[in-house]
Amino acid sequence: MTVTAGSAAALALGDDALVLSHRLGEWAGNAPVLEEEVALANIALDLLGQARVLLSMAGDEDELAYLREERAFRNLQLVEQPNGDFAHTIARQLYFSTYQRLLYTELAAEDGEFAPLAAKAVKEVAYHQDHAEQWTLRLGDGTAESHERMRRAGEALWRFTGEMFQPVEGVNVNWEDLETSWLESVSAVLRRATLDVPEGPRSGAWAAGAGRQGLHTESFGRMLAEMQHLHRSHPGASW
Amino acid sequence: MATAAEHRTARAGADGTADEAARTAAYEAVFDAAVAADDRIEPRDWMPDAYRSTLVRQIAQHAHSEIIGMQPEANWITRAPSLRRKAILMAKVQDEAGHGLYLYSAAETLGTSRDELLDKLHTGRQKYSSIFNYPTLTWADVGAIGWLVDGAAITNQVPLCRCSYGPYARAMVRICKEESFHQRQGYELLLTLSRGTPEQHEMAQDAVNRWWWPSLMMFGPPDDESAHSAQSMAWKIKRHSNDELRQRFVDICVPQAESLGLTLPDPELKWNEERGHHDFGAIDWTEFREVLKGNGPCNEQRITQRRRAHDEGAWVREAAAAYAGKHAAGNGEARA
């Protein structure tokens, strides 16, 4: 499998969407309210649609999704984090969808190979970001318990946010500007939700950019084992 | 045919009657005439208490079935063997949540609430379809559910599009369109497996073997043992008997199984020229009753997961309510 700069970028963005979609799919039948069954599945489907387009730019979507080992995945560590409670899922959504909205807005505006996908996806991710923002407000500014859960979730995932701004080869955006805009946007939402902006580091000793290099956290291998098991059990079969 | 306007005019006439019993009798005559004329009963129309409670029970059970029915299929979302199939399955499970929402709304027009109905589900006072107490053991089960379970549901539900209660009939029109789509997808999934590798074909056959009889049980007990049937048919909530619908379903499935290249697990299944229908073997009604009593393979697991999702989500619902209280219309966004 040869990987050019363009397809490396498609893999990175495609893996983000694929892995987060999978995590959201784990919520099916477990959401706190029926409307959220619909909303979370809706977001998962949007992301899966994006993943399929992006992976197809890099090769065969199923080969790439089902036959790569953990070390060959290029997604951010943020998106592979387990769902945790609803607040963890929402914090992950807030951080990632804000990033995706800013990034895809840039990509849609330029002339590159990602422009057509980004132009379509930016409408979807605007909805994802709004959904995450609305829930961050409700949990942060809801009850004492929800405030505390949202605070903990926001802090626990903060360490994975730095890696989003490690430049991806083949994606031509100003990563520093993107990071500044992201910090402004997320901080504003957290403050409106009566939450403090976390003060901890935004990346650990090797977390920054690690997912992009195929260095993942421990739960990811287990997630892939479940995702790939059936496909791998029937080599060459069509589904 | 009596129009809704005539229905209301007649009811207004009845309002002029002084005596309580006479008034009820007059209301009942209007109601009976509307049902006889295939008029639709609407939420603000008078209806017999028993009609109302039968509908609440049936619509609630239908809604609960959509919600519990998400579980056996969601069981395979994280293991779907291709991205295309994964997208189809996610969309289907999402549709089921949506169907649950329509149906709870339809039930609410009868004066109950979603919270009340969910509470009855969680405490076992209302049921859901027996079929969802069977486990999904292989990927092919997703196809068998689409083809057989959704197929049986459609056979049951298409006549409900003409049900006498308007909100339920309209919900069924929307739901049946989506269900037909799911059923075709399930059929196509099984066809792909049936024509795939020998292992895939065997997987498809095994799934059909396990889902066939439970699907036939979805039509309910035989006509001579069906407690609610006669009244429901008189009220035009039901349009056909359990056994009629079951027969219709068998007749539809036999040629479909043939084109799938799969067999149905019933040695007594054969065409009866004289009746113009397929004869089929006896259903294991003992198993059916055990599943209804809570002793099916997954009853405990299904209701436990539903309760857990609800209980673990309580703090989220409380947060949303508290936030709404603090930011009541007009002062929320402005103050923030």
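Reader: Which elements do the buried residues of α6(B) pack against?
Author: Welcome! This is a predicted model, where local features need pLDDT of at least 70 and side-chain atom pairs pLDDT 80 or more, while totals for chains, interfaces and linings use all residues. Residues are numbered from 1 along each chain as written, chains are lettered from A and ligands numbered from 1 in the order written, and side-chain values use heavy atoms, without hydrogens and water. Helices (DSSP runs of H or I, at least four residues) and strands (E, at least two) are numbered from the N terminus, and contact means heavy atoms within 4.5 Å. The partners of the buried residues are α2 (34–58) of chain A together with α3 (49–68), α5 (83–108) and α13 (299–312) of chain B.

Reader: Where on helix α6(B) do its buried residues fall?
Author: Buried means under 20% relative accessible area, exposed over 50% and partly exposed in between, with a 1.4 Å probe and protein chains only. In α6 (residues 114–122) of chain B, the buried residues are R114(B), L117(B), L118(B), L121(B) and H122(B). Down the axis they fall within an arc of 140 degrees (taken from the axis to the C-beta atoms), so they line one face of the helix.

Reader: Which element gives the most to the lining of the largest pocket?
Author: A pocket is an open set of 1 Å grid points where a 1.4 Å probe fits, over the protein atoms alone, with protein on both sides within 12 Å along at least five of seven lines; lining residues have an atom within 4 Å of a point. The largest pocket is lined by 46 residues, with Q58(B), Q61(B), M218(B), F219(B) and G220(B) nearest its centre. Elements giving two or more of them include α5, α7 (140–157) and α8 (166–194) of chain B. With 7 residues, the top contributor is α3(B).

Reader: What does the second largest pocket lie between?
Author: Among the 16 residues lining this pocket, those closest to its centre include G124(B), Y128(B) and N299(B). Because both domains of chain B give residues to the lining, the pocket lies between domain 1 (28–284) and domain 2 (297–335).

Reader: How far apart are the centres of domain 1 and domain 2 of chain B?
Author: Chain B is divided into these domains, whose bounds come from an automatic or database assignment. Their contact takes 12 residues from domain 1 and 10 residues from domain 2. Taken over C-alpha atoms, the centres are separated by 29 Å.
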